[in-house]
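Let's walk through this structure together, starting with the overall picture and then moving to its aromatic rings.

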Amino acid sequence: MILSTSIGIGYQVDWRHVHKLMLGAARETKAFLEDPEPFVWQRNLGDYAFAYELNVFTRSPTQIGQIESELKRNLLDAFNEAGVEIMTPAVSALQGCQSSGHPA
C-alpha cells in the first residue's frame, strides 16, 4: 500500500530542502518500507505555496491510522525544527501504485 501526504510550503523555501525534510520524516516513521524508497513529487503551484506530495510504502494497511498520525508528527517535527512553515496539508491512501508508476 502507498500512503500519500501533501503539504504546501512557501515559495521562498528551496525545493531541495523540502525534499530532504519530507524524506527524513518518512524514514523516522516505523511502518514504512525502505524498499521501495519513499519519494516526493512537486504537485501544484498555488497562490501562496508550492504543493509537495510525499509517497511512502507500507505492508501494514490495518494500521493506517497510526501510520498517518506518526508520519504527520514526524513531518511537523522536521519542519518545525528547520523553521519552515507548513501552509497547507492533505492526506490520502491508495491501494497499489497505479497512479505513481512505482511497483507496489
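Predicted model: local features only at pLDDT ≥ 70, side-chain atom pairs only at ≥ 80, totals over all residues.

**Overview and aromatic pairs**

Residues are numbered from 1 along each chain as its sequence is written, and side-chain values use heavy atoms, leaving out hydrogens and water.

Along the sequence you can trace the pattern β-α-β-β-α-β, with two helices and four strands in the protein. Helices (H or I, at least four residues) and strands (E, at least two) are DSSP runs, numbered from the N terminus. Taking contacts (heavy atoms within 4.5 Å) between residues at least 6 apart in sequence, 73% join residues at least 24 apart.

Now for the rings: the whole structure holds four aromatic pairs. Rings of Phe, Tyr and Trp (its six-membered ring) pair if their centres lie within 6.5 Å, with planes under 30 degrees apart counted as stacked, over 60 as edge-to-face and the rest as tilted. Phenylalanine 39 sits in strand S2 (residues 39–45) and phenylalanine 57 in strand S3 (residues 49–57), 18 residues apart. Phenylalanine 39 is buried at 10% relative accessibility, and phenylalanine 57 is buried at 2%.

Phenylalanine 50 and tyrosine 52 have ring centres 5.2 Å apart and planes at 50°, so this pair is tilted. Both residues are buried, and ring pairs join Phe50 and Tyr52 with Tyr11 in a cluster.

Terms used. Buried < 20%, exposed > 50% of the residue type's maximum accessible area, 1.4 Å probe, protein only.
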